[in-house]
Amino acid sequence: MSTPHAVRTPDATHGDERWAFGFDGGVRAEVCAVGARLHALHVPDRDGVLADVVLAPADPRELSGRARYLGATVGRYGNRIGGGVLPLDGEVHQLRTFPTGHSLHGGPEGFDLRRWSAESARYAGCEDRTGVRLRLRSRDGDQGFPGTVDATVCYLLDRDGTLTIEYTAVTDRPTVVNLTNHSYFNLAGEGTGTVDGHLLQCDADHYLPVDESLIPLGPAEGVHGTPFDLTSPRRIGEALAQGHHQLNLGGGGFDHNWVLRDGAAGPRRAAVLRDPASGRRMDVHTTEPGLQIYTGNHFDGSFTGKSGSRYPARAGVALETQHFPDSPNRPEYPSAVLRPGGGVPLDHRAALHLRGGSGRWTGARPRADRLRLPPRAVPGRSGPVRSGPAGSGSLLTARLLALTITERALDAAP
């Protein structure tokens, strides 16, 4: 059923609300207020048959436990900060940490557990776009982070099948912000098994090796000759079967950040994920310097997904466009500092396009005219890494997810 405006369904039992929106014969999305979470995304295959490609638990109570982060907006700082130590402007802030001793995804009570205020995102005179806007205030000292941050996440779905997630954040004091979406995708359909047969390509020649706590060791290393070489399409299961001590640190799979190649003024392609059986394909474009690929190594069948099937290891793969882990402690990495006042805003974007076999885009391309980034360098290889005028603006706009979905058949060749 076409829903030109997002429809709200309260869930008093779990203290949540779900917003559904979409168009007849096309993509439908569902977003939850708790965690500003992408709960479902129904996408057509090559024959036009819809399947939900986003993982979520059957019992919402699992979202505060074993299924935490599924589909969520994570922050204030996505990924890890070593020791929970945040140096900023000559002052050291101690962040709240997990039993590992490190900060992860904003802390024990990160944005993924918060109830965001939500409203329908309406556009006067425009019936070809629908969505929901969610807001959250994070007070000064929240999880140890300095500054009060007002964050906004907006999910927008166009009639042509483009889903865009836009993040903005305003602060009253210097802080760090690294928001991303933590959805796990299985393009064959949620609950259908593993993504071992999916083909994955990442446009990166280097990745960041990690220590036992999954904190980057520092300099990037080349991917050539390793399981991390995704410069051409590889089946995920075959890449992980190659064996590597870094895979053992990641729990038997990928849980690493790839250093993306430099691009032109606009967003460059970061990755391609495709399921040959269904014909669904997802192209990831971003202006962010890194892509965290996580193959759901912790799934062990201990909880049931919304389709009624238990999730095994690698039931889905997360492709998180973001700043590098532990960036606040690595001056050679791109800065994630956000400052108050005027100036040039930080502007980060990514776009994921699902397309068919014609190879023809059906959704809007990312707007290159709004992206003006200076060159970056590979950390540890050719000097500092820069990603724009870091820390100079009061507004952080991270257009971190857009999906263009079509019903056309996928090319036979990878």
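Helices (H or I, at least four residues) and strands (E, at least two) are DSSP runs, numbered from the N terminus. The model is predicted: local features need pLDDT of at least 70, side-chain atom pairs count only at pLDDT 80 or more, and totals for chains, interfaces and linings use all residues. Residues are numbered from 1 along each chain as its sequence is written, and side-chain values use heavy atoms, with hydrogens and water left out.

The protein chain has two helices and 28 strands. Of its 414 residues, 58% are buried (under 20% relative accessible area, with a 1.4 Å probe and protein chains only). Contacts are heavy atoms within 4.5 Å. Among contacts with a separation of 6 or more, 68% join residues 24 or more positions apart. The accessible surface of the chain is about 15100 Å², and carbon and sulfur atoms hold 50% of this area (Shrake-Rupley method, 1.4 Å probe).

Strand β3 spans residues 28–32, and four of its five residues are buried. Pairing of two strands requires at least two DSSP bridges between them. β3 pairs with β2 (residues 16–22) in the antiparallel sense over five bridges. Here Phe-21 stands opposite Ala-29. Five residues lie between the strands of this hairpin, and Gly-25 takes a positive phi near 75°. β3 is also joined by five bridges to β4 (residues 37–44), again antiparallel. Val-31 faces Leu-38 of β4 as its opposite residue. The β3–β4 hairpin has four residues between its strands, with Gly-35 in the turn at a positive phi of about 80°.

An open sheet of five strands has the order β19-β18-β21-β24-β25, with antiparallel pairing. Its edge strands, β19 (221–222) and β25 (318–322), each pair on one side only. Five bridges link β24 (residues 290–294) to β25. Gly-290 has Gln-322 in β25 as its bridge partner.

Pockets were located on a 1 Å grid over the protein atoms alone, as open sets of points where a 1.4 Å probe fits, with protein on both sides within 12 Å along at least five of seven lines; lining residues have an atom within 4 Å of a point. The largest pocket holds about 340 Å³ of space. Its lining has 16 residues, with Tyr-69, Leu-104, Tyr-184, Tyr-294 and His-298 nearest the centre.

The second largest pocket holds about 290 Å³. It is lined by 17 residues, and His-14, Asp-16, Val-34, Pro-60 and Leu-63 are the closest to its centre. β2 and β4 are the elements that give two or more residues to this lining. The largest share, three residues, comes from β2.

Terms used
Buried < 20%, exposed > 50% of the residue type's maximum accessible area, 1.4 Å probe, protein only. Points joined across faces, edges and corners; volume = space filled by probe spheres on them.
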